[in-house]
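Colleague: I would like to go through the terms used for this model one at a time. Please set each value against its cut-off.

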Amino acid sequence: MTDQELVREAYLEAKKGYDEGGLPIGSVLVDAKGVIVARGHNQRVQTGDPTAHAEVVCLRNAGRRRDWPHLTLVSSLSPCVMCTGTTLLYRIPRVIVGENKNFLGAEDLFAARGVKVTVLQDPDCVALMERFVREKPDLWNEDIGL
């Protein structure tokens with residue numbers, strides 16, 4: 001799968017979160033052959049769990065693995081510090097980001113640790129997050145700690 005196709009899969013996860021009344025952030029985890037091995041979307045609102053960010057949910061869904069250093073994490077939105085830290089903990093070497101216009105996460109931490117980050121500025125990812133921020137600014141501010 002191309003990077004754009006993978007971001008589309010993360011976007012579809014984000015759309016699930018939005019449709020459930022939660023935050024529209026989605027993630028997929030991809031193996032070295034380009035096969036999606038796990039999916040997740042932000043479930044913070046749905047579960048009441050403040051750590052249920054899309055990337056963390058996706059990594060939980062991946063289960064126990066030994067191939068973390070050969071995987072790629074794909075997120076519809078630039079990962080926050082918590083999600084970045086989790087990615088670094090498991091030595092995932094590559095991250096594909098759908099967009100970072102609405103939120104610039106901790107991409108500097110990835111760079112400092114040699115993680116390759118590709119940001120696509122996918123129009124669908126940008127538009128969905130813009131719509132959510134416009135519709136639910138209080139929920140968005142809660143999620144980013146404001």
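Modeller: Contact means heavy atoms within 4.5 Å. By that rule Asn42 touches Gly17, Leu23, Ile25, Ala52, His53, Ala54 and Asp143, leaving out residues up to four places away in sequence. This is a predicted model, in which local features need pLDDT of at least 70 and side-chain atom pairs count only at pLDDT 80 or more, while totals for chains, interfaces and linings use all residues. Residues are numbered from 1 along each chain as its sequence is written, and side-chain values use heavy atoms, with hydrogens and water left out.

Colleague: Why is Asn42 called buried?

Modeller: Buried means under 20% relative accessible area, exposed over 50%, and partly exposed in between, with a 1.4 Å probe and protein chains only. Asn42 has 1% relative accessibility, so it counts as buried. The residue lies in the loop between β2 (36–41) and α2 (44–47); helices (H or I, at least four residues) and strands (E, at least two) are DSSP runs numbered from the N terminus.

Colleague: How far apart are the C-alpha atoms of Asn42 and Glu5?

Modeller: They are separated by 20 Å, with the two residues 37 residues apart along the chain.

Colleague: What makes Trp68 and Tyr90 an aromatic pair, and why is the pair called tilted?

Modeller: Rings of Phe, Tyr and Trp (its six-membered ring) pair if their centres lie within 6.5 Å; planes under 30 degrees apart count as stacked, over 60 as edge-to-face and the rest as tilted. A search of the whole structure finds 2 such pairs. For Trp68 and Tyr90 the centres are 4.8 Å apart and the planes are at 40 degrees, and the pair is tilted. The pair links distant parts of the chain, 22 residues apart: Trp68 is in the loop between α3 (54–62) and β3 (72–75), and Tyr90 in the loop between α4 (81–89) and β4 (94–97). Trp68, at 9% relative accessibility, counts as buried, whereas Tyr90, at 33%, counts as partly exposed.

Colleague: Why is the pair of Phe103 and Trp140 edge-to-face?

Modeller: The ring centres of Phe103 and Trp140 are 5.9 Å apart and the planes stand at 90 degrees, so the pair is edge-to-face. This pair also links distant parts of the chain, 37 residues apart, with Phe103 in the loop between β4 and α5 (107–112) and Trp140 in helix α7 (residues 137–143). Trp140 is buried, at a relative accessible area of 6%.

Colleague: How do you know that the buried residues of α4 line one face of the helix?

Modeller: The buried residues in α4 are Cys83, Thr84, Thr87 and Leu88. Seen down the axis of α4, they fall within an arc of 140 degrees, so they line one face of the helix. The arc is that of the directions from the helix axis to the C-beta atoms. The buried residues pack against α3, β3, β4 and α5, and the face turned away from the buried side carries the exposed residues Val81 and Leu89.
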